[in-house]
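I opened this entry to keep track of what I looked up, one topic at a time.

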Amino acid sequence: MSEELKNEEQYGSSLALLDALGIGPVWVRRDLAVEEAVTAEGAAAAIAELRQEAPVPEAPAPRPAIQAPAVGHLENAFAASPATAPASPPVARPMPAAPSLPRTPERRGAPPEDDGGPPPWLDEMDFAASMEPLLVPHDDEEDSAPAAVDPMIARIAAMEWPQLKEIVADCRRCGLCNGRKNTVFGVGDEKAKWLFIGEGPGRNEDIQGEPFVGPAGKLLDNMLVAMGLKRGDNAYIANIVKCRPTDDNGRDRPPSPQEVAACLPYLQRQIALIQPTVLVALGKTAAISLLGLDPSTPVSKLRGTVHRYQDLPLVVTYHPAYLLRTLGDKSKSWADLCLAMTTCERQSVQ
C-alpha cells in the first residue's frame with residue numbers, strides 16, 4: 001500500500017470515530033498530526049467520499065438523526081484504536097480539490113536585522129554612470145573670499161578737499177537727498193587738532209548749509225570758548241550724515257544705519273585729511289557710529305573713558321541740543337571736555 005493511502009487511511013479511522021460519536025465529519029487542517037492506528041476499510045471509504053463529486057439533488061432530503069451509541073460501544077471503539085506514539089514524523093494530509101476561495105494575505109516575516117553594512121541595492125547601482133563629482137565650498141574658503149568693495153568708497157578715500165566737497169554737494173547715495181535743501185559738509189580749520197562730530201543737520205543747518213547753528217550751535221560755541229578754542233580756529237565741526245534726516249511729519253530724527261553707512265565714507269576722508277589730535281563725539285549717534293557699537297548703548301555708559309578710533313583718542317559727551325533740555329547735565333559735559341583736554345595735552349607731548 002502506498003504512503004499516500006496509508007495517510008488517508010488514518011483520516012478514515014478518525015472520521016468513522018467522530019461519526020460514531022454523533023459529531024459528524026470534521027475537516028482537519030493539513031498541518032496537524034494524524035493518528036497512525038487506522039483501518040483499511042475506513043480509509044478506502046474516506047478516499048472514495050473525498051474524491052467523488054456528489055451530484056446536487058433537486059431537493060435535499062432531510063438527514064436522519066444519528067443516535068448516540070451506547071457507553072459500552074464507545075469503550076470498545078476507544079479500545080479498538082489505541083493512541084500510540086507515531087513511529088515516524090507526521091505527514092501532512094493533501095488537500096482535496098475544492099472551489100477557489102479568497103486567498104488570505106500571507107504573513108510576512110519580520111524584516112532582517114540591520115547588521116550595519118551597506119544596503120543590498122547599493123550593489124546594483126552603477127556609480128560610475130550615475131554620480132558626478134560635486135564641488136562643495138568649505139567654510140574656510142567662504143571666509144577667506146574677499147568682500148565686495150564699493151568702487152565709490154575707494155574713489156572717496158583718494159579725494160582731496162575740492163573733490164570731496166563737490167561730490168558731497170551732489171551726493172545721491174541714500175534717500176536723504178530727496179528732502180534736503182542743502183548738504184552740510186562741515187566747517188572749521190582743515191588742519192585743526194580738535195574735531196567735533198555731531199549727529200546730523202537740523203532745520204537751521206539744512207537751510208544755511210553749516211553745522212551747529214541756532215541755539216545748539218551757540219551753546220557749542222560757548223563750550224569751545226571755555227576750552228580756549230573758537231569756531232574755525234584749531235577746531236573743525238562736522239556731522240555723521242551730510243543731509244537732514246526727518247520723519248513723516250517733517251521733524252528731525254536720528255539717521256538710520258543704512259543712511260550712516262552711505263555717508264560715513266565722507267567723514268572718514270575728512271578725518272584722514274584733517275589728522276586731528278582728539279575726536280569729540282557729541283551725542284549717542286556719533287559715538288555708536290564711530291565706535292561700531294549697538295544702537296541701544298546709552299551715552300552714560302560711554303562717558304568718562306578715552307576710546308580709540310583708528311588709533312586716535314575719542315571722548316564721548318552729550319549733544320548740545322540734549323544739554324539745552326537737561327541743564328543739570330552741563331557739569332557732566334564739562335567734565336568730559338576736561339578729560340578731552342587732558343588727553344590732547346598728553347598726545348601733544350608724545
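Entry 1, a pocket. I began with the lining of the second largest pocket and looked up which helix gives most to it. The largest share, four residues, comes from α12. I note that I am working from a predicted model. The helices α8 (203–208), α9 (215–226), α11 (284–291) and α12 (320–325) each supply at least two residues of this lining. The space in the second largest pocket comes to about 620 Å³. I found 26 residues lining it, and the closest to its centre are Glu199, His319, Ala321, Tyr322 and Arg325. Sorted by class, the lining of this pocket has 13 nonpolar, seven polar and six charged residues.

I looked up the secondary structure and found 13 helices and six strands. Of the 350 residues in the protein, 31% are buried. I also looked up contacts between residues at least 6 apart in sequence, and 71% of them join residues at least 24 apart.

I asked in what order the six strands lie. The order is β1-β3-β2-β4-β6-β5, in an open sheet with mixed pairing. Strands β1 (187–188) and β5 (306–309) are at the edges with a single partner strand each, so one side of each has no neighbour in the sheet. I followed β5 to its partner, β6 (residues 312–317), and found an antiparallel pairing over four bridges. In that region His307 stands opposite Leu314 of β6. Helix α13 (residues 330–349) packs on the sheet and touches β2 (194–198), β4 (278–282), β5 and β6. The direction of α13 makes about 170 degrees with that of β6.

Is β3 (residues 235–239) enclosed or open? Five of its five residues are buried, so β3 is largely enclosed by the rest of the structure. I noted a general point here: side chains in a regular strand alternate between the two faces of the sheet. In β3 the buried residues are Ala235, Ile237 and Asn239 on one side, with Tyr236 and Ala238 on the other, and both faces are covered. I then looked up the partners of β3. With β1 the pairing is antiparallel, over two bridges, and Gly188 has Tyr236 as its bridge partner. With β2 the pairing is parallel, over five bridges, and Trp194 has Ala235 as its bridge partner.

I came back to α11 as one of the helices supplying the pocket lining. This helix is mostly covered, with six of its eight residues buried. They are Thr285, Ala286, Ala287, Ile288, Ser289 and Leu290. I looked up what these buried residues pack against and found β2, α10 (257–274), β4, β5 and β6. After α11 comes Gly292, which has a positive phi near 65 degrees.

I found Asn182 in the loop between α7 (161–169) and β1. What does Asn182 contact, leaving aside neighbours within four places in sequence? I found Asp206, Ile207, Gly209 and Lys242. I also looked up Asp170, which is 12 residues from Asn182 in sequence; C-alpha to C-alpha, the two are 9.8 Å apart in space.

Conventions:
Residues are numbered from 1 along each chain as its sequence is written. This is a predicted model: local features need pLDDT of at least 70, side-chain atom pairs count only at pLDDT 80 or more; totals for chains, interfaces and linings use all residues. Side-chain values use heavy atoms; hydrogens and water are left out. Two strands pair if DSSP finds at least two bridges between them. Contact means heavy atoms within 4.5 Å. Axes are lines fitted to C-alpha atoms, for helices over the stretch in contact, and angles run from 0 to 180 degrees between N-to-C directions. On a 1 Å grid over the protein atoms alone, a cavity is a set of points where a 1.4 Å probe fits but cannot get out, and a pocket is an open set with protein on both sides within 12 Å along at least five of seven lines; lining residues have an atom within 4 Å of a point. Grid points are joined across faces, edges and corners, and a volume is the space filled by probe spheres set on the points. Ala, Val, Leu, Ile, Met, Phe, Trp, Tyr, Cys and Pro count as nonpolar, Asp, Glu, Lys and Arg as charged, and the others, Gly among them, as polar. Buried means under 20% relative accessible area, exposed over 50%, partly exposed in between (1.4 Å probe, protein chains only).
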